[in-house]
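New notebook page. I'm jotting down what I look up as I go.

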Amino acid sequence: MSNETEKHVSYLDYKGEYKGIFAWIFSTDHKRIALLYLYSIATFFFVGAILGLVMRFELVAPGETIVKPQTYNGLFTVHGVIMIFMVVIPGLSAIFGNFLLPLHIGAKDVAFPKLNRFSWWIFIVGSIMAIMTQFLRSGPPDTGWTFYAPYSTSTGTSVILATSAAFVLGFSSILTGLNFIVTIHRMRAPGMRFFNMPLFPWSIYAASWIQLLATPVVGITLIMLIFERLFGIGFFNPELGGDPLLFQHLFWIYSHPAVYIMILPAMGVITEIIPTFCQQKVYGYKAIAISSLAIAGVGFLVWGHHMYTSGMSEQARWFFSLLTFVVAVPSAIKVFNWILTMYKGSIDVKPPFLYALYFIFLFIIGGTTGLILGSVATNIQVHDTAFVVAHFHYIIFGGMGFAFFAAIHFWFPKMYGKMYNIKIANFASTLLFIGFNLLYFPQFIIGYQGMPRRYYDYLPQFQWAQVLSTIGGVVLFIALITMVANLVRGAKKGQDAPANPWHGSTLEWSIPSPPSLENFDTDPVVKENPYEYN
Amino acid sequence: MSNLENHPHVHRDDEAQKLGMWLFIFTELLLFGGLFLVYSIFRAQYPDNFHESSLELSVTLGVINTVILLVSSMSVAISLTAVQKSNYKLAKLMLLLTVALAMAFMVNKYFEWGAKFHHGLYPGSELMHLLDRGHHLYFSLYFFMTGLHALHIVVGVILLLISYVKITKGKIQSDNFMHLENAALYWHLVDLIWIFVFPLLYLIS
């Protein structure tokens, strides 16, 4: 073993033909590309979070507080565009999928490393385009991230640039999905069948199919929107024979499956963390694997639940409602299996596990409020209110976001070869949890009582909740800074981390921290069951 | 070893290349699928308008273009078989034929569109906006679908030309031809899309 450590050069230190920054931005190493995504996405997340914080300060009192109404419209639109297209859709797949997928299946890299690098490049191009919308035409788009016609086809703001940015970002997503599907099919280590692959690759596999198949539909839809603005082609304009509802259908045919792109890898992360910190194999491996595919499949059939009040037929509404209830079932199966995995386990509440516990709590709230929204009758009351805003923040931020934080705390020692301060990490996670609930839970209540979404002004009876939420937002922000500062300090000055600090069982823990360029210096030993402890 | 930074594993996997191209083709099918969906919705709504408008298109020119693309699919298939039998001269000739046929298609398209433009019929024109409902939508769809398809012809030609250069340089051989096979596959897709676009726009009169 000592011979190996002498020869071992970590991927962070590896010197190839490029120097300096080019050694990173021209790298085709999946691990470096993962970190490039991490740093860019973390930056965009903070930009989006600050936009959110400005909105919170505006909402702390009725009437105009710190920004004008038009500015507010631009804020919530760009907050949505950044968070959705630049943070949560690429997020877990591009960062942890890139870093861990080849390691989990015993491969040296992904199937198409140069395509992988190209994906990151166009992600950056699309992101720059999205940021430029702030400064061009008569201001950032004010349509909401959903770009509904007819407003989006007529407003004077920079809609074309924003939708073009989304198109480019979508291309990046498609290519990453394609890369991962081929990687999983062709590059598993000898002896690793689909059904003894760990569950994180399973979740990446399911999400990748959605990225591949759903994104082109929104791609063509955005082009139709652009041509509507440029040439008046009329698809969404009733005066020219078109139908604004057609836009909504086409948009949501992608955007609903997109939320499963966000949540499936998140569930995959949780499924890796829980058995590790309970030192027990996953309960119901096959059920979790198949439920990932089921969520991906059924998730293509529920988009109409965003449109119950749009004027669709009764039959359409009950069809979509029924399928929305069906798609909740595989998610529930996963939740049960996670909890059963913990039963009689040897539990160690380290930061990844604490985030995973918070995830389960927040995901359950997000998921069950999704059922309230999925049922047609109750939806009529809460559609387009703060209730919806609370629901999706619980699911996306409480769900995928907390899973993201869990993932970074889990794989940090592997990625950097260092350890962060455990106590501060646990403290930050709890502060985050408190701030999060303070921010979003009151929104359920006032949403139900009638507070509309995307409004900068409101009736005085809702102010109590808006004040609580703003305080929660500040607490959340402080917690985020604490968490990030702790991680950054750990990367720079933390103690050296061993290869397997959490006693994990999957292949990434069998190689040094950080890994070498080609990951496995000797052939990986594939276990029959990826979750074997002791 | 210094090369490994950017090519950490120089391995060849033809199956992976093929799978990658097929997956990309699925995305293209879904891209055009969105347009076909819009077409079917509006045609169901304005069947008579669509019928009338399609009388403005030249079925003859459409048939010629269809035959051109079908023959071009044949020539690219011959090119692939030629490579597999080490007949690189024939392979290159067939690739050039395919590209020439693609150019002919584009020339026809230029005349078709040119005629429409000459009569003031183009996306955003005053005449277009004077058309009523179903007629307007039909022509919007006509320009959008044939335009997007023409863009894919250009992409296909580029892939074919790259294959041509690779054969010249000896990078495509009878035992290493996946690049050409994928380019041919993409070309067949471009042909297939036209096979659907053609009757929907030209043959509904």
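Predicted model: local features only at pLDDT ≥ 70, side-chain atom pairs only at ≥ 80, totals over all residues.

I started at A:Ala403, which touches A:Leu92, A:Ala266, A:Val269, A:Ile270 and A:Phe359, leaving out residues up to four places away in sequence. Touching here means that C-beta atoms, placed from the backbone, lie within 7 Å. Residues are numbered from 1 along each chain as its sequence is written, while chains are lettered from A and ligands numbered from 1 in the order in which they are written.

Next I looked up the largest nonpolar core, which has 220 residues; A:Ala403, A:Ala406, A:Ile270 and A:Phe359 touch the most other members. Such a core is a set of buried Ala, Val, Leu, Ile, Met, Phe, Trp, Tyr and Cys residues joined through C-beta atoms within 7 Å. Buried means 20 or more other C-beta atoms within 10 Å of a residue's own.

**Chain B**

I found seven helices and zero strands in chain B. H6(B), residues 133–168, reaches 53 Å from its first C-alpha to its last. Just after H6(B), I noted a positive phi of about 80° at B:Gly170. Of the 205 residues in chain B, 36% are buried.

**Where the chains meet**

I checked the contact: 39 residues come from chain A and 31 residues from chain B. H9(A) gives the largest share of chain A's side, 10 residues.

Technical notes: Contact = placed C-beta atoms within 7 Å. Helix = DSSP H or I, 4+ residues; strand = E, 2+ residues; numbered from the N terminus. Buried ≥ 20, exposed ≤ 12 C-beta atoms within 10 Å, placed from the backbone. Expected span 1.5 Å × (residues − 1).
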